[in-house]
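These are my notebook entries on one protein model. I list what I looked up, entry by entry.

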Amino acid sequence: NEYKSYLSSRAMTKYGYKSLKDDAKPRANCLICCVIFSSFCSIFFIIFVLLAFPYIFQLLVNNQVALVNDTIDYKQWLNPTPKIYKVVTVYNITNRDEVYNGKAPNITAMGPYYFREYREKINVETWGDELHYNERKYYVFDEYATMDANANANANVTLNPANDTFTTINLAWVGVVYNQTLANCTAARKLEIEFLADKLLKDDKLFISKTVNEVIFGYKDRLLEALAIGMPGLSDIVRCVYNMSSHDLQNISIINNGKKNHTLLGAFSKWQGYTQLPWWGSDVANTLNGTEGLFFSPGLQKNESVTTFVDDLFRANPMEYIGVEDVMEISSYKYQIPDYVLMNASQNPLNEGFYSFAPSGMMNLTAAVNAPIMASKPSFLDAESWLHEEVNGLPAPKKETMDTNIWIEPYTGVLTKALKQLQVNIMIQQQDWYHMKNLRKEPRFIPIAKIVETGGVDEGMASTLKHKVFKPRAVFENVLYGLFGLFILMTVIFIVALGRHVLKHQGEASRPLLPGKKSSENIYS
């Protein structure tokens, strides 16, 4: 009786039969539920952070960068605050007589001259997901930036593009000869043109001396003015870069605002009145696409290319991803023009539509400007080597400093930095015309000027992007990762507690209640 009384008091009070069996189950179930809950939360946060959050964040960004009232991009599109420069270097020919006789030109560089570019959108109207507008683009010479850039090389020289003259190829004369030769003009017509040129042109026909401003922004040519009397529609203005002047404000441009479809943000559907380009030889070449180069589709992927419409080249140019670099502490994708764009038609048949029959490494602009003008990278970078070898005084090509690159912030599609580099060249060769009879029969390509466009975000815009886009994203990500870590920790704690609980009660159940007894089952048996 004493033994049974002792067993009853111990089992029912201190270790109790109810405590060992009935009371252990709720505590174990509670711990199991906690483990399942914390594990579920951890898995949910993994899925949300890795999959859902980037998608949701990108949707929010897409709405913020659409070209609608009060968004970051819209204000910058209307009137860009970051400074955009066109940096111009012209090439002065110093051996005219030798060039007349088929020799290679000797050139010396003048500049660089810094011109601040201003773009102003006017008459802006929103029609659905399109923006209709006119653009006023103009340039102002920046004397101080020019002085700073030339401080070491030309310490005692003051550069002024309105007064500084240089000798170059006469674009008007070469253009007239080129077009009349293609048209198989009659002998009488040829004599008429040569007579006019002899009377009107004071300089030699093949060469001309003009100021930097005249060659870059345009001047009225007396020969073209005379010829235009009998040729309605012929422009009497000559310039080597045809779109570095204010556009015709009567011609409307249309772009997509990206509100409904963010992949079309900034894409042209009409440029200066053109929905289809009129200059090239195929439908593909004449397709109008791309953006003006300030904004691109948000949410860029590394395997995607981007397209810019380059008005200086009258065409769209694709650019391919080549790496990631920081620009003003903003991680940006870097893009570059792929080699196939500059290949001639024999190497890339698709370029036949652009009349790319010149040596590889150049773009033929003849159809657009009515003169044998070719665009290339500076110093004929990535072009056939003989092009550089046939010009004395041209710097050696260097890909690190002379290539065209743009940097884009991938989430917003904002251009963070631009370095667009272009060399304008003219083709001359022997013709049965004044001052061209002694030229060599094979074409020679002579540089006229180098144009470098620089731009990108300034400190103010970079700060806006950081505080309105990247900082909130980073804070939210940190909170998510913190919660994720907390649930992982809770899961581990609950698993450990559950394990200790199970081990404890397994031990309780197997421990003898009195010396010499193995278990309670033996006692009751």
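**Entry 1**

I began with Ile 406 and listed its contacts, a contact being heavy atoms within 4.5 Å. Not counting residues up to four places away in sequence, Ile 406 touches Phe 296, Val 306, Met 319, Tyr 333, Lys 334, Tyr 335, Leu 415, Lys 417, Ala 418 and Lys 420.

I noted the ground rules before going on: this is a predicted model, in which local features need pLDDT of at least 70 and side-chain atom pairs count only at pLDDT 80 or more, while totals for chains, interfaces and linings use all residues. Residues are numbered from 1 along each chain as its sequence is written, and side-chain values use heavy atoms, with hydrogens and water left out.

Next I looked up the nonpolar core, which is a set of buried Ala, Val, Leu, Ile, Met, Phe, Trp, Tyr and Cys residues joined through side-chain atoms within 4.5 Å. Buried means under 20% relative accessible area, exposed means over 50%, and partly exposed lies in between, with a 1.4 Å probe and protein chains only. The largest nonpolar core has 110 residues, and Ile 406 is among those with the most contacts inside it, along with Ile 169, Leu 206, Cys 240 and Ile 373. Strand β16 gives the most to this core, with seven residues. I take helices (H or I, at least four residues) and strands (E, at least two) as DSSP runs, numbered from the N terminus.

**Entry 1: Cavities**

Rolling a probe the size of a water molecule over the atoms shows where empty space is left. A cavity is a set of points, on a 1 Å grid over the protein atoms alone, where a 1.4 Å probe fits but cannot get out; lining residues have an atom within 4 Å of a point. Grid points are joined across faces, edges and corners, and a volume is the space filled by probe spheres set on the points.

How many cavities of 30 Å³ or more are there? I count seven by this rule. The largest cavity has a volume of about 540 Å³. It is lined by 34 residues, and the closest to its centre are Val 310, Asp 311, Asp 312, Lys 420 and Glu 453. Several strands give two or more residues to this lining, including β2 (107-127), β10 (306-310) and β16 (415-428). The largest share, four residues, comes from β3.

I sorted the lining by class: Ala, Val, Leu, Ile, Met, Phe, Trp, Tyr, Cys and Pro count as nonpolar, Asp, Glu, Lys and Arg as charged, and the others, Gly among them, as polar. The largest cavity has 15 nonpolar, eight polar and 11 charged lining residues.

The second largest cavity has a volume of about 170 Å³. Of its 19 lining residues, Pro 82, Ile 84, Leu 294, Leu 415 and Gly 456 are the closest to its centre. Strand β17 supplies the largest share of this lining, four residues. By class I wrote down 10 nonpolar, five polar and four charged residues.

Is Arg 444 buried or exposed? Arg 444 sits in strand β17 and is buried, because its relative accessible area is 6%. A polar atom of its side chain lies 2.8 Å from the backbone oxygen of Gly 102. Arg 444 also touches Lys 103, Ala 104 and Glu 390, among others.

Gln 336 lies in strand β12 and counts as buried, at 16% relative accessibility. Its side chain makes a polar contact of 3.5 Å with that of Asp 403. A polar contact is a pair of N or O atoms within 3.5 Å; within protein, one must be able to donate a hydrogen and the other to accept it, and residues adjacent in sequence count only if both atoms are side-chain atoms.

**Entry 2: Backbone angles**

Most residues other than glycine have a negative phi, and most peptide bonds are trans. I looked for exceptions. A cis peptide bond joins Gly 111 and Pro 112, with omega about 10 degrees; Pro 112 is in strand β2.

Asn 123, not a glycine, has a positive phi of about 55 degrees. Asn 123 is also in strand β2 and is exposed, at 53% relative accessible area. Tyr 355 has a positive phi near 55 degrees. Tyr 355 is in the loop between β12 (330-336) and β13 (362-364) and is partly exposed, at 30%.

Key:
1 Å grid on protein atoms, 1.4 Å probe; cavity = no way out; pocket = protein on both sides within 12 Å on 5 of 7 lines; lining within 4 Å.
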